[in-house]
Amino acid sequence: MKPIRAFAIIMYNAVAVHMPESNTRLSFGARRLRAFCARHMLASCGRNVNVERHARFGRGVTLGDHSGIGINASIAEQTQIGRDVLMGPDCITYTRMHRFDRTDIPIREQGYGPVRPVVIGDDCWLGSRCILMPGVTLGKGCVVGAGAVVTRDVPPYAVVGGVPARVLRYRAPA
C-alpha cells in the first residue's frame with residue numbers, strides 16, 4: 001500500500017468522517033479534507049466531489065466529476081458512480097449477497113456469492129435511504145425516490161420508486 005493511501009485512510013477514519021456536514025457554516029474545511037482522502041482511497045475520483053460525513057465505501061469504488069456520496073451512505077465494493085450524481089442521506093449499495101441455496105448447512109456458513117457491481121449513470125439523483133441491490137445499473141438521468149429498493153436495471157431518464165422500485169414516469173426531455 002502506498003504511504004499516501006495509508007495516510008488518507010487513517011486521516012479519513014480518524015478525523016474527516018466525523019467532521020461536520022459540508023454545507024454548514026462551520027464545516028472547518030470538511031468537504032476539502034474528505035475529497036482529499038477520497039482521491040487517494042477510491043479506485044478513481046473525479047474533480048469537485050463531495051463525500052459527506054459518516055459515508056463508508058468499499059474497495060474499487062469510482063466517483064465521477066461533480067458527484068457526491070451522501071451522509072451515512074454505505075457504498076459497497078466495485079460500485080461505479082458517474083458524473084453529476086446527487087445522493088441523499090443513508091443510501092446503500094450492495095454488490096454481493098449471502099448464499100442461501102443449500103439447506104443442509106446454516107446460511108451464515110454458506111459464505112457470499114460473487115461480486116456484481118452496481119453502476120450509477122451520469123446525472124442521477126438518489127433519494128434518501130434508497131437501496132440498490134447487486135448488479136443493478138441506473139441509466140443516465142434517472143431519479144430514485146426516497147426509500148426505494150432497486151432490484152433491476154433502471155432505464156435512462158426514468159423516475160422510480162417503491163419496494164421493489166418500479167418506473168413511475170419518465171423525465172421530460174429538455
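1. How many disulfides does a search of the whole structure find? The search finds zero, a disulfide being taken as a pair of cysteine sulfur atoms within 2.5 Å. This is a predicted model, in which local features need pLDDT of at least 70 and side-chain atom pairs count only at pLDDT 80 or more, whereas totals for chains, interfaces and linings use all residues. Residues are numbered from 1 along each chain as its sequence is written, and side-chain values use heavy atoms, with hydrogens and water left out.

2. C37 is buried, with a relative accessible area of 0%, and C124 is buried at 2%, where buried means under 20% relative accessible area, exposed over 50%, and partly exposed in between (1.4 Å probe, protein chains only).

3. Five strands form an open sheet with parallel pairing, in the order 3-6-9-12-15. Strands (E, at least two residues) and helices (H or I, at least four) are DSSP runs numbered from the N terminus, and two strands pair if DSSP finds at least two bridges between them. The edges are strand 3 (56–57) and strand 15 (149–150), each of which pairs on one side only. Within the sheet, strand 6 (residues 74–75) is joined to the parallel strand 9 (residues 92–93) by two bridges, and I75 stands opposite T93 of strand 9.

4. T79, in the loop between strand 6 and strand 7 (80–81), is buried at 0% relative accessibility, and its contacts (heavy atoms within 4.5 Å), not counting residues up to four places away in sequence, include T93, V118 and I120. C130 lies in the loop between strand 11 (125–126) and strand 12 (131–132) and is also buried, with a relative accessible area of 0%; leaving aside residues up to four places away in sequence, C130 touches D90, C91, I92, V144, G145, G147 and A148.

5. The largest nonpolar core has 41 residues, and Y12, F57, I69, I120, L126 and L138 have the most contacts inside it. Such a core is a set of buried Ala, Val, Leu, Ile, Met, Phe, Trp, Tyr and Cys residues joined through side-chain atoms within 4.5 Å. Helix 1 (3–14), helix 2 (30–41), strand 15 and strand 16 (158–161) each give two or more residues to this core, with helix 2 giving the most, four residues. Among the residues that Y12 touches are C37, M41 and F57.

6. The structure holds nine salt bridges, each requiring a side-chain nitrogen of Lys or Arg within 4 Å of a carboxyl oxygen of Asp or Glu. R47, D65 and R83 are linked in a network of salt bridges.

7. R96 forms a salt bridge with E77, with the closest N and O atoms 3.4 Å apart, and this pair links parts of the chain 19 residues apart. R96 is partly exposed, with a relative accessible area of 33%, as is E77, at 26%.
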